Amino acid sequence: MRLTAKDKWILTIFSAAAGFVNGFLGGGGGVIVVALLLAVMKLHQKSAQATALLAVLPLSAVSAAVYIVKGSVQWAPALWTTLGVVAGGILGALLLDKLKGNVVKLIYALVLIAGGIKMLL
Amino acid sequence: MEIFLYILFGFISGVIGGMGMGGGTLLTPLLSFTRLPQRAVQAVNLVSFLPMCATALIFHARHGLVEKAHILWIVLPAVAFAAVGAWVAVGASDGVLRCIYALFLLGVGMWQLVRVLSADSEKKEAVRPR
């Protein structure tokens with residue numbers, strides 16, 4: 001597809017916002033990137049979710065580097081969590097091609113809302 | 001026990017993250033059930049996300065799901081502002097970070113919920129006999 005000048009502006013501004021959110025909150029930029037890929041680049045849901053990872057990888061690397069340089073990383077918890085995340089990530093990548101998605105999305109939305117309420121209390 | 005929680009929470013968010021649904025968004029509230037302070041949670045989230053993301057990308061690329069055209073329009077501004085965001089975060093208090101993250105979660109959660117429910121009702125509308 002060809003991007004119009006307006007598309008490029010939207011992508012630049014919202015991607016900058018996604019980058020800032022991801023760096024400031026240590027995550028969450030991917031959600032904005034998926035929305036951009038769906039709305040502006042008109043990708044299908046699965047393709048948008050997969051492509052978002054390509055966009056989020058370098059910005060997470062940059063954010064992580066800042067946290068590491070500033071000494072904010074506790075390495076033992078990071079190691080154990082990474083172990084779980086990588087194993088789960090492989091399963092998730094395999095499942096993306098097979099799942100219908102709406103039940104997972106519903107559970108995901110409810111967990112996010114519950115997590116937000118828990119963090120506020 | 002704490003180690004088990006790290007692995008379990010990592011695994012759950014890894015599954016969601018591997019599907020490209022925002023596992024990092026989920027890992028932060030899950031890790032808030034451990035004793036880690038908010039800034040350390042965010043740092044763990046970022047560090048653990050990198051190898052998962054790289055691994056999941058290989059799978060998705062093999063399945064032809066990754067669309068590389070125009071991706072630099074997203075990557076370049078995002079990377080520049082990710083550094084700024086991280087720089088601001090390491091100087092912010094844990095309470096402020098936690099509060100902002102909670103509001104962010106509520107916003108994203110509600111948005112996802114509305115999307116899922118409206119997609120469901122559209123589907124029902126489409127199959128209803130006329």
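1. Chain A splits into two domains, domain 1 (1-73) and domain 2 (74-121); these bounds come from an automatic or database domain assignment. Their C-alpha centres lie 18 Å apart. Please bear in mind that this is a predicted model, where local features need pLDDT of at least 70, side-chain atom pairs count only at pLDDT 80 or more, and totals for chains, interfaces and linings use all residues. Residues are numbered from 1 along each chain as its sequence is written, while chains are lettered from A and ligands numbered from 1 in the order in which they are written.

2. Four residues of domain 1 of chain A are in contact with four of domain 2 of chain A (contact: C-beta atoms, placed from the backbone, within 7 Å). On the domain 1 side there are two nonpolar residues, one polar and one charged (Ala, Val, Leu, Ile, Met, Phe, Trp, Tyr, Cys and Pro are nonpolar, Asp, Glu, Lys and Arg charged, and the others, Gly among them, polar).

3. Now to the two chains: 84 residues of chain B are in contact with 82 residues of chain A. On the chain B side, H3(B) gives the largest share, 20 residues (helices are DSSP runs of H or I, at least four residues, numbered from the N terminus). By class, the chain B side has 59 nonpolar, 21 polar and four charged residues.

4. A residue worth a look is Leu106(A), which sits in helix H5 (residues 102-120) of chain A. Leu106(A) counts as partly exposed because it has 16 C-beta neighbours inside 10 Å (buried means 20 or more other C-beta atoms within 10 Å, exposed 12 or fewer, partly exposed in between, with C-beta atoms placed from the backbone). From Leu53(A), Leu106(A) is 53 residues away in sequence and 21 Å in space, C-alpha to C-alpha.

Terms used: Helix = DSSP H or I, 4+ residues; strand = E, 2+ residues; numbered from the N terminus.
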